[in-house]
Structures are given as structure tokens and as C-alpha cells.
Amino acid sequence: MVHEREEIADGDPEDKAEEEEEEEEEEEMVDPLETVRQRCEETEHCVHTHHRLQECEARVNSRSHTVEDCTEELFDFLHARDHCVAQKLFSSLK
């Protein structure tokens with residue numbers, strides 16, 4: 001009787017094994033877009049635009065009252081990264 005109650009409370013042991021297998025499969029999957037983005041962020045042009053973005057953020061954060069924001073620098077960085085990603089990602093698609 002006690003064992004039957006534990007099985008009911010815990011659910012079917014086979015279901016748990018299947019759920020664990022599914023979780024392991026999900027963890028192993030890597031988004032190729034994220035991988036390519038990381039590689040592109042290491043290119044010279046992206047490093048330069050990211051450095052300009054960080055400088056702007058530091059400048060803006062150092063002031064208490066400013067109307068400046070870093071939108072232009074952010075867009076420059078995202079444009080450079082996405083341009084690199086587009087070339088590499090779409091060439092690898094079949």
C-alpha cells in the first residue's frame with residue numbers, strides 16, 4: 001500500500017525518465033545565430049563600435065543630468081554585428 005501511494009504521488013517513473021531525457025536534449029541544443037553573433041562581436045569593426053558604445057555609456061552614466069543617450073552608438077554596433085552575421089549565417093544555410 002505504501003509503495004502504491006508513493007507511485008501515485010511521484011508519478012510514473014518512466015515519465016520522469018522521458019522528461020529528464022528531453023531536458024538533456026534541450027540543454028545540448030545551441031542556437032547557431034548566437035554562436036555567429038559571438039564570433040562577429042570579436043571582429044575588428046564590431047570591437048571598435050562596441051568600444052565607442054561603452055565610452056558613450058560611461059560618459060552618460062557619469063553625469064547626473066544629461067539629454068545625451070547612446071542610441072547612435074548602439075545602432076552602429078548592432079548594424080556592424082548584424083551585417084557580419086548576415087554574411088556568415090546565410091552562407092551556412094542550405
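Me: What makes the pair C56 and C70 a disulfide?

Reply: A disulfide is a pair of cysteine sulfur atoms within 2.5 Å, and C56 and C70 form one, with their sulfur atoms 2.1 Å apart. The model is a predicted one, in which local features need pLDDT of at least 70 and side-chain atom pairs count only at pLDDT 80 or more, while totals for chains, interfaces and linings use all residues. Residues are numbered from 1 along each chain as its sequence is written, and side-chain values use heavy atoms, with hydrogens and water left out.

Me: Why is the disulfide of C56 and C70 called left-handed?

Reply: The torsion about the S-S bond of C56 and C70 is about -95 degrees, and the disulfide is therefore left-handed. C56 lies in helix 4 and C70 in the loop between helix 4 and helix 5, so the pair ties together parts that are 14 residues apart in sequence. Helices are DSSP runs (H or I, at least four residues), numbered from the N terminus.

Me: How do you know that C40 and C84 form a disulfide, and which parts does the pair tie together?

Reply: The sulfur atoms of C40 and C84 are 2.2 Å apart, and the cut-off is 2.5 Å, so this pair counts as a disulfide. C40 lies in helix 3 (residues 32–41) and C84 in helix 5, so the link joins parts that are 44 residues apart in sequence.

Me: Why does C46 count as buried?

Reply: Buried means under 20% relative accessible area (1.4 Å probe, protein chains only), with exposed over 50% and partly exposed in between; C46 has 1% relative accessibility and therefore counts as buried.

Me: What makes up the largest nonpolar core?

Reply: A nonpolar core is a set of buried Ala, Val, Leu, Ile, Met, Phe, Trp, Tyr and Cys residues joined through side-chain atoms within 4.5 Å, and the largest one here has 7 residues, namely C46, L53, C56, V60, C70, F77 and A80. Helix 4 (44–61) and helix 5 (71–92) each supply at least two of its residues, and helix 4 gives the most, with 4 residues.

Me: Why does E73 have no salt bridge?

Reply: A salt bridge is a side-chain nitrogen of Lys or Arg within 4 Å of a carboxyl oxygen of Asp or Glu, whereas R59, the nearest side chain of opposite charge to the buried E73, is 4.2 Å away.

Definitions and conventions:
Lys, Arg positive; Asp, Glu negative; His and termini not counted.
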